Amino acid sequence: MRGSLPKHGRRWSSDTVPAKTAVSSGTSPATDYESAEEFLEVTLDLQDDDTIVLRSVEPATIIKVDDGPVDTTSASAPASVTRSPMIKLSSPRRLRQFSQEIKAEAVAKARQFSQELKAELLRRFSWNHGQAVCALSASMTPPYGSGGFDSALAARALRRQRTQLDRNRPGSQMALRGLRFISNNKANAWDEVLQNFDKLAKDGFLYRADFAQCIGMKDSKEFALELFDALSRRRRLRVDKISRDELYEYWSQITDQSFDSRLQIFFDMVNKNEDGRITEEEVKEIIMLSASANKLSRLKEQADEYAALIMEELDPEGLGYIELWQLETLLLQKDTYLSYSQALSYTSQALSQNLQGLRKKSPIRRLSTDFLYYVQENWRRLWVLSLWIMIMIGLFTWKFFQYKQKAAFHVMGYCLLTAKGAAETLKFNMALILFPVCRNTITWLRSTRMGYVVPFDDNINFHKTIAAAIIVGVILHAGNHLACDFPRLIQSPNKKYHPLINDFGSRKPTYMDLVKGPEGVTGVLMVILMAIAFTLATRWFRRNLIKLPKPFDRITGFNAFWYSHHLFVIVYILLIIHGVFLYLAHRWYTKTTWMYLAVPVLLYAGERILRFFRSGFYTVKLLKVAIYPGNVLTVQMSKPPQFRYKSGQYMFVQCPAVSPFEWHPFSITSAPGDDYLSVHIRQLGDWTQELKRLFSKVCESSVAGNSGLLSADEKTKKSLPKLRIDGPYGAPAQDYSKYDVLLLVGLGIGATPFISILKDLLNNIVKMEELADSLSDLSRTSDLGSESNDFTTARRKKTLKTTNAYFYWVTREQGSFDWFKGVMNEIAELDKRGVIEMHNYLTSVYEEGDARSALITMVQALNHAKNGVDIVSGTRVRTHFARPKWNKVLSKLSSKHCNARIGVFYCGAPMLAKELRKLCYEFNQQGSTKFEFHKEHF
């Protein structure tokens with residue numbers, strides 16, 4: 001008997017048919033369907049190497065085969081099989097399953113080996129019922145007796161029959177496109193794999209250790225190795241290397257477009273012992289593997305709990321294992337569990353689109369539309385910049401023609417005129433550059449009517465633009481003096497020099513005389529100091545993008561920028577001196593430098609004095625300190641009675657123990673209604689790192705499970721570092737109440753400006769609704785009549801300007817969600833009206849649909865359905881994987897909120913800001929919904 005199965009016996013690993021097993025030579029199950037004996041229905045897959053892969057085993061439906069005689073007289077002799085021309089099935093699904101090549105080959109193979117396999121299948125598999133169940137239960141000894149085990153098997157068989165998986169449902173269609181092992185959809189993906197094979201192969205073979213890098217899974221090597229082993233087990237191979245042809249076969253399987261094929265591979269990865277069952281321990285292993293591939297360290301720690309959760313859901317009979325059909329059920333019906341943080345409805349999307357904006361336009365019309373939209377979006381910036389440029393042109397022209405009338409022009413030429421014109425613009429810009437950094441003044445002005453016509457939120461950008469104009473002015477002024485008109489003066493003949501005796505003296509000066517005079521020395525010193533300050537203020541130095549060796553590394557970073565900027569105190573002193581000792585101006589009213597600088601310098605000095613006294617007046621006590629994953633320090637402090645702020649604003653924080661001069665801006669994360677102030681500080685530079693070190697040194701050690709919470713009790717509060725605050729200061733996000741709908745987008749620590757908004761928005765809307773309801777009830781019971789109703793309606797419309805808010809938080813680290821866990825849970829609990837919709841995105845996890853995150857998604861859905869908690873963030877807010885599709889996000893908002901004015905507020909990396917600004921522009925062109933984009937600036 002065993003000699004007759006040399007080729008196919010290896011398909012069952014160690015489960016071979018015993019040598020002494022009696023094999024009946026009666027008719028096969030496929031021919032004697034009228035017998036009282038109950039049969040199994042076996043689905044086999046014939047491979048190219050003439051081997052068979054078992055796909056499923058289940059109670060047989062009635063199969064009628066019109067066949068010829070089959071010679072089964074000798075089990076060892078090759079069977080002569082007359083192949084069936086037709087198979088009639090009771091189900092159309094079975095007809096499709098056994099059609100084509102399976103019908104021709106698999107049935108013939110099944111006849112040949114039916115008697116040999118029957119006893120073995122009955123012993124190994126439990127998907128049958130009736131007599132097959134009795135045979136299986138008799139061969140096993142369950143701990144709770146055969147009767148209970150039979151009942152459990154019967155219950156599972158009944159549950160499978162009742163489970164109807166409709167693959168045409170929208171949710172199922174999405175799931176069928178998922179479970180991808182390779183997310184790269186490039187047409188030349190295989191060519192890239194071949195290139196990697198040529199680089200990594202040794203002696204024509206690719207080793208198992210290099211498989212992950214070869215197929216593009218270098219970042220999830222452990223997962224790729226398990227995939228390699230699963231594919232090898234399917235071929236009954238235990239290999240450490242594969243050839244190029246075998247690699248192609250592996251690649252074809254993992255990139256197969258068939259969901260069933262990908263599902264089987266995933267099942268095989270979990271089912272390492274190839275018994276067709278997945279135990280709880282195997283589920284735990286794949287959860288840990290997926291968690292490792294997605295950098296979810298906390299999920300690995302709770303793998304036992306989540307494995308038990310899956311078994312509880314898929315194995316209610318308590319058999320201790322799950323099968324392929326149950327895994328398929330969970331995947332295809334996953335959307336039924338995702339009843340939280342659902343995506344916005346698409347129902348009105350087609351109706352809400354403005355078809356007029358989607359039509360093709362002529363190039364001229366398109367350019368005119370783009371121009372009009374650009375003017376509409378930037379008219380405030382445009383008129384301010386235009387006015388500024390016109391003032392500079394006017395000042396330059398005035399001085400140019402004024403000095404053209406002087407005798408010095410005939411000696412020093414147009415170089416003098418250019419230098420003097422540039423000098424006049426320099427005086428104006430040196431005065432103007434102080435206004436954008438007068439933060440208290442800007443905060444006050446942005447709340448007045450001027451805020452509608454002046455873009456005060458762009459104050460820092462305007463400050464940088466003025467600085468660029470100053471650089472140009474310095475080059476023109478100093479360059480023309482040193483390289484042009486000074487040489488012309490000293491080389492001029494005595495006859496031409498004679499009219500300039502009153503300006504330069506009776507003796508014609510030398511070049512060094514001009515440079516070493518008060519005018520020259522102050523000018524050269526200003527150029528040097530300004531060059532240092534401008535250089536260290538550039539992005540490369542300020543953000544440490546340039547790495548210099550020690551000790552020169554100290555001239556990079558925020559500290560270098562901060563201290564070098566204070567060199568301008570000296571520059572302004574030198575500028576006033578420089579303006580007093582002018583060569584060609586002698587009357588006091590012609591020396592106008594001090595006139596330009598008087599008001600701005602006094603205003604800026606007054607602001608600094610105000611900040612100095614106010615920071616001492618705002619005494620704060622530290623209430624709580626916490627250090628969270630991602631190197632984020634949270635400080636909660638008492639709120640001074642006079643400290644009034646709006647959500648979205650920021651304040652400056654100083655720690656004298658770190659530096660008595662440095663002030664750093666941080667968004668206020670507490671709501672105005674809270675009785676405390678809180679800030680979240682990301683450790684990015686020397687100052688923040690030293691601040692964390694001081695708090696860690698004083699506070700107690702972290703307590704397990706509290707995300708590094710540092711205790712600040714009565715004993716430690718006395719030794720905590722002192723903090724001083726200054727503010728609040730205005731920011732774009734504080735104007736959120738002007739919009740009907742909010743889209744708040746934060747990247748990493750960029751979520752901080754919006755946490756306060758979410759809390760304040762929820763509190764305000766709840767209060768306003770309650771007030772409106774109470775006024776409405778009062779109007780119905782009073783005698784005020786229609787006037788009261790009109791007042792109530794007007795009050796409701798006035799107080800409920802913002803109706804919805806959508807918060808998208810994108811971060812790289814799972815631990816980041818601890819920063820605002822309490823806030824998110826509070827909003828989820830109190831938001832009974834669905835005002836706020838929160839979406840967390842974790843970019844370290846592979847996108848939904850990737851096989852590496854498939855089990856994570858299943859566990860996530862199950863756990864939230866059972867316990868109401870997201871396994872990734874630990875909150876009630878669902879965590880999505882990979883990055884948001886911003887085009888779809890804005891499309892959904894445009895569909896749901898037709899004719900609304902949506903404020904898009906963003907805080908994060910500049911690259912995404914460009915994308916969001918562009919999308920806002922595009923959607924404003926297409927529909928009636930208007931998006932207004934704002935970016936936070938510090």
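User: Why are helix H18 and helix H20 called roughly antiparallel to each other?

Analyst: In this predicted model, the axes of H18 (residues 408–432) and H20 (residues 459–490) come within 8 Å and cross at roughly 155°. Angles over 145 degrees count as roughly antiparallel, and H18 and H20 are therefore described in that way. The crossing of the two helices is left-handed, and by class their contact has 19 nonpolar, seven polar and two charged residues.

User: What makes Cys415 and Cys484 a disulfide?

Analyst: The sulfur atoms of Cys415 and Cys484 lie 1.6 Å apart, and the cut-off for a disulfide is a pair of cysteine sulfur atoms within 2.5 Å, so the pair qualifies. The structure holds one disulfide, and this pair links distant parts of the chain, with Cys415 in helix H18 and Cys484 in helix H20, 69 residues apart.

User: Which hand does the disulfide of Cys415 and Cys484 have, and how do you know?

Analyst: The torsion about the S-S bond of Cys415 and Cys484 is about 45°, and the disulfide is therefore right-handed. Both of these cysteines are buried.

User: Why does Cys214 count as buried?

Analyst: Buried means under 20% relative accessible area, and Cys214, at 1% relative accessibility, therefore counts as buried.

User: How do you know whether Cys907 is buried or exposed?

Analyst: The relative accessible area of Cys907 is 11%, which is to be set against the limit of under 20% for buried and over 50% for exposed, so Cys907 is buried.

Definitions and conventions: Residues numbered from 1 in each chain as written. Predicted model: local features only at pLDDT ≥ 70, side-chain atom pairs only at ≥ 80, totals over all residues. Heavy atoms only, no water. Axes fitted to C-alpha atoms, helices over the stretch in contact; angles between N-to-C directions. Helix = DSSP H or I, 4+ residues; strand = E, 2+ residues; numbered from the N terminus. Parallel < 35°, antiparallel > 145°, perpendicular 65-115°, else oblique. Left-handed = near helix turned anticlockwise from the far one by under 90°. Nonpolar A, V, L, I, M, F, W, Y, C, P; charged D, E, K, R; others polar. Buried < 20%, exposed > 50% of the residue type's maximum accessible area, 1.4 Å probe, protein only.
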